[in-house]
Amino acid sequence: MELLQNLLTTFNFIVQGLWVTISVTAVALTVGLAIGLVMAVARVYGHPALQMAVSAYSVVVRAVPVIVIIFILFFVISRYVNLSPFWAGALALGFASGAYQTEIFRGALQAVQPGQMIAARAIGMSRLQAIQSIVLPQALRLALPAWGNEATLVLKDSTLVFAVGVPEILRRAQQVSARTFEPFLAFGVALLLYLALTLITTQALQWLERRYRLQV
Amino acid sequence: MKKQMLVIPALIAVILAISACGGTPAAQPTQPPAQPTQPAAPAEGKLAQIRAAGKLIVGTSADYPPYESIDANGNFVGFDMDLIRAIGEKLGVEVEIRDMPFDSLIASLQEGKIDAVIAAMQATAERDEKVDFTIPYRMTKDAFIGAGNTTIIMTKPEDAAGLTIGVQTGTVQEGWIQKNLVAKGLTPADKVFSYERADQAALDLASGRLQLVLMDAEPALELAKQNGLKVLLVTETTAEGGKSIAIPEGASDLKAELDRIIQGLIDDGTVKALEEKHGLP
């Protein structure tokens with residue numbers, strides 16, 4: 001009975017970080033999606049100089065640990081722009097995820113057969129039109145499985161934003177474990193919450209995959 | 001976790017080194033300009049900025065009870081938290097507490113994200129290069145402990161002379177024993193035993209191999225409770241330094257005011273009452 005009581009108190013405390021984790025992840029994924037899509041199109045169809053620039057971004061950002069990007073954004077950039085810890089953390093995660101998503105979408109764009117582009121141009125579409133209405137819709141479908149993987153990784157990377165003081169699930173678990181000296185209980189609750197979030201995310205993406213599957 | 005703790009300060013150091021090349025002093029965009037209602041204070045002083053904002057932003061690492069932790073309702077509680085609120089009251093400003101990892105506290109202070117740090121922090125020489133410290137609000141204390149059935153009675157640290165004693169290797173306590181008991185010939189060198197960890201010494205104390213153990217007071221009380229040992233003496237004499245509030249480098253006006261308030265709180269017994277409230281030796 002006492003264990004149940006402890007579990008309930010611990011859960012009630014840690015679950016308050018759930019919304020923070022979800023918000024950070026959602027912001028990061030959205031920012032990363034916007035960056036990734038634009039960069040991938042530029043990488044595949046852009047001017048050679050643009051392609052070089054995008055490759056450089058992708059290589060450099062993927063080479064740097066996310067925690068370093070968070071620190072740079074929070075401690076250096078926010079001297080000039082006043083960023084709250086939440087936004088510094090979420091934007092940094094999004095900036096990092098953008099590089100990975102660039103690669104995901106680049107692969108997907110390149111996996112669409114070149115004949116599709118040629119055919120679209122042959123019936124009089126501009127390059128932009130062809131990308132928009134012929135290549136991208138197919139590429140997005142191809143990208144979904146890999147993107148779902150990235151989504152779960154960003155969810156777990158969201159624990160890093162605590163380094164600048166955002167109280168998400170993991171930090172709340174640390175706080176409880178420091179107070180109650182029951183680390184197993186506290187981190188067990190955190191584990192369950194992350195597991196639930198990951199399951200929901202993957203289920204939603206699988207539904208999307210089924211819903212938009214190409215009928216060939 | 002342990003690994004990450006080592007990595008983070010290194011990263012912060014790198015980033016700060018990079019950012020220092022920019023040569024721009026840390027701006028404090030969150031601070032509104034000093035209001036004309038306080039003409040006495042210099043406009044550019046840190047203290048004046050805090051007074052003008054009406055708010056002291058304090059960083060802590062809320063995972064170190066009884067100094068600082070978060071209760072089930074999400075409130076910051078503990079000795080440090082009560083103390084900083086009392087200080088805020090004397091300053092006449094509201095206190096806003098922000099939780100972050102211990103490793104990020106100094107960097108946040110340097111970058112002006114927070115005005116002060118209270119986190120059971122000792123003013124070590126390394127930290128002192130980066131930030132300034134107030135006078136200590138609580139001295140570090142040591143405890144002599146003995147076996148549960150011991151008949152030794154101690155009133156001062158020198159009463160340990162001649163007795164078999166255990167200490168942790170490389171600690172301040174070991175240094176004190178060597179300097180004040182062994183070097184003066186009060187205790188033979190072969191009666192001093194150094195252990196890798198203090199709790200190992202406590203085990204030998206329980207089994208009768210040692211007569212005394214000298215160690216940090218707070219873990220000593222915990223060990224004594226767990227292993228049925230007896231706390232013989234709690235003292236500041238053998239310890240070095242104390243816990244201070246960290247403030248930005250060069251904020252001399254803030255330091256002077258905080259020093260004055262802390263001394264006041266020590267003198268009027270507030271600190272003592274808070275120590276008792278939180279069960280600190």
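Modeller: What follows is a walk through chain A and then chain B of this predicted model.

Biologist: Great. How many helices and strands does chain A have?
Modeller: Chain A has nine helices and zero strands. Reading from the N terminus, its elements go α-α-α-α-α-α-α-α-α.

Biologist: And what box do its C-alpha atoms fill?
Modeller: Along the principal axes, the C-alpha atoms of chain A fill a box of roughly 75 × 45 × 25 Å.

Biologist: What share of chain A counts as buried?
Modeller: That would be 41% of its 216 residues. As for contacts in chain A with a separation of 6 or more, 79% are between residues 24 or more positions apart.

Biologist: Let's pick a helix pair. How do α4 and α5 of chain A cross?
Modeller: Helix α4(A) covers residues 66-76 and helix α5(A) residues 85-111; their axes come within 9 Å and cross at roughly 135 degrees. The two helices are therefore oblique to each other, and the crossing is right-handed.

Biologist: Which residues make that contact?
Modeller: From α4(A) you have A:Val66, A:Ile69, A:Ile70, A:Leu73 and A:Phe74. The α5(A) side includes A:Pro85, A:Ala88, A:Gly89, A:Leu91 and A:Phe95.

Biologist: Now a tryptophan: where does A:Trp147 lie?
Modeller: A:Trp147 is in helix α7 of chain A, which spans residues 127-157.

Biologist: Is A:Trp147 buried or exposed?
Modeller: A:Trp147 is buried, because 22 other C-beta atoms lie within 10 Å, and the cut-off for buried is 20 or more. A:Trp147 and A:Leu33 are 114 residues apart in sequence, yet their C-alpha atoms are 9.3 Å apart in space.

Biologist: Nice. Over to chain B, then: how many helices and strands?
Modeller: Chain B comes to 10 helices and 13 strands. Of its 281 residues, 37% count as buried. Take the chain B contacts between residues at least 6 apart in sequence, and 73% of them join residues at least 24 apart.

Biologist: I'm looking at β1 of chain B. Which strands does β1(B) pair with?
Modeller: One partner is β4(B), residues 94-99, paired in the parallel sense over six bridges. There, B:Val58 stands opposite B:Ile97. Another is β5(B), residues 116-122, also parallel, with two bridges; B:Gly59 stands opposite B:Val117 in that strand.

Biologist: And how many residues of β1(B) are buried?
Modeller: Five of its six residues, 55-60, are buried, so to speak mostly covered.

Biologist: Then there's the open sheet of five strands in chain B. What's the order?
Modeller: The order is β10-β9-β11-β8-β12 (chain B), and the pairing is mixed. Strands β10(B) (192-195) and β12(B) (230-235) stand at the edges with a single partner strand each, so one side of each has no neighbour in the sheet. From one strand to the next, the twist averages 25 degrees.

Biologist: How do β9(B) and β11(B) run?
Modeller: They run parallel, with two bridges joining β9(B), residues 165-168, to β11(B), residues 212-216. B:Ile165 is opposite B:Leu212 there.

Biologist: Last one: which strands does helix α6 of chain B lie across?
Modeller: Helix α6(B), residues 172-182, lies across β8, β9, β10 and β11 of chain B, and runs at about 140 degrees to β9(B).

How values were computed
Residues are numbered from 1 along each chain as its sequence is written. Chains are lettered from A and ligands numbered from 1 in the order in which they are written. This is a predicted model: local features need pLDDT of at least 70, side-chain atom pairs count only at pLDDT 80 or more; totals for chains, interfaces and linings use all residues. A residue is buried if 20 or more other C-beta atoms lie within 10 Å of its own, exposed if 12 or fewer, and partly exposed in between; C-beta atoms are placed from the backbone. Helices (H or I, at least four residues) and strands (E, at least two) are DSSP runs, numbered from the N terminus. Two strands pair if DSSP finds at least two bridges between them. Two residues are in contact if their C-beta atoms, placed from the backbone, lie within 7 Å. Axes are lines fitted to C-alpha atoms, for helices over the stretch in contact, and angles run from 0 to 180 degrees between N-to-C directions. Angles under 35 degrees count as roughly parallel, over 145 as roughly antiparallel, 65 to 115 as roughly perpendicular and the rest as oblique. A crossing is left-handed if the near helix is turned anticlockwise from the far one by less than a right angle, and right-handed if clockwise.
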